[in-house]
Amino acid sequence: MHRHLVKSALVAGAALAVLAACGTGSGERTSEARGTKAAVPAPPEKKPVKGLPGMPPVLDPEDVYAADRPNMLSPVVKDFPSRVYVPNTESDTVTVIDPKTYEITETIPVGRQPQHVVPSWDLKTLWVNNNRGHTLTPIDPKTGKAGKEVEVHDPYNLYFTPNGRYAVVMASLDRELVFRDPHTMEVRKTVPVSCYGVNHADFSLDGRYFIVSCEFSGELLKVDTEKMKVVGQQRLPFEGAMPQDVKISPDGKKFYIADMMAHGMWVLDGDRFTEPTLTPTGKGCHGLYVSRDSREMYVSNRGEGTISVFDFTQGRLTKKWDLPDGGSPDMGGVSADGKVLWLSGRYDAEVYAIDTRTGTQLARIPVGSGPHGLAVYPQPGRYSLGHTGVFR
């Protein structure tokens, strides 16, 4: 036996002797048991992730959303007023809501058919995607003021590479992925695609690839981020499939793709890009939003006015919430503290605020016509990957 182990044993024995002198009977046995309890082994070290060059380090290899905990706001956004920005596709406006009072604070005129309000990679700008106007309108989230429109053709949706090097425009009707400068929006590379309706996306844990949904042809793309090249393509195994939102699981092992015609989520192994399986959720499955503790995902079922709750650990749905008087819950986001889920009511000119603990509707706010890609801002996270707020 090594000398330091002998010394430790003698010290432990002396401690037990003192305890025995202070008590009798069962007390002695309890003290003895406590004194001889085996030490808990240290958890194994997590292997660091080799991420996309230039990308901020992955905080936790077992949780993509480790930076998105309640109120973990970046210093960049901590002084920004909390607001909900609602693009109204048929009114050509953005409705701004104070989430504390549920009051509309402003209505901002923008370009034709605004689809989504997208936080920039550096968190400093909100970009309004004016799809038919072929422009992006920048909004300063600190002042709430809109800036000069930037010409961008067919900006249905907008993402940013995890290293902040490029903006990626989902040019749905042009059938292109357009990599642009994230600040000036000048074109850096155009990638034609053979599917129809490039729509939503999410990036792998290491940021080296992303999965894209093609809603009009029922297909999925796998794109190499650094090479800016499509490296995989498959058609979903459902006649009439119409894939929508895409989200990666906290552990980075699966992608979930909402499908409004298959009425559920496709579960995909992104690394292998094999045929996915379907988890039914509800009619018109559309938007996917992860809880602040990374345990659950809220799924908006636009066609039936419900929200399904998916448990990542159990791999199944555990709850379903009905909106009072129905509705058409679409796109949105979770409040900074994680307590409220905000969703646009696409066909009802309204916005819903839902308690994430109980599913209770907290507010139903009339807005413009055709509200779509609503953004809650600011939200926790170090940087934005785009859409209505996908943060890492």
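Mentor: Let's go from the whole chain down to single residues.
Trainee: What should I know before I start?
Mentor: This is a predicted model, so local features need pLDDT of at least 70 and side-chain atom pairs count only at pLDDT 80 or more, while totals for chains, interfaces and linings use all residues. Residues are numbered from 1 along each chain as its sequence is written, and side-chain values use heavy atoms, leaving out hydrogens and water.
Trainee: How many helices and strands does the protein chain have?
Mentor: Two helices and 29 strands. Those are DSSP runs, numbered from the N terminus: H or I of at least four residues for helices, E of at least two for strands.
Trainee: And how much counts as buried?
Mentor: 55% of the 392 residues. Buried means under 20% relative accessible area, exposed over 50%, and partly exposed in between, with a 1.4 Å probe and protein chains only.
Trainee: Where is Ser328?
Mentor: Ser328 is in the loop between β24 (316-322) and β25 (329-334).
Trainee: Buried or exposed?
Mentor: Ser328 is buried, because its relative accessible area is 3%.
Trainee: What does Ser328 touch?
Mentor: Leaving aside residues up to four places away in sequence, Ser328 touches Arg302, Ser344, Gly345, Arg346, Tyr347, Asp348 and Tyr352. Contact means heavy atoms within 4.5 Å.
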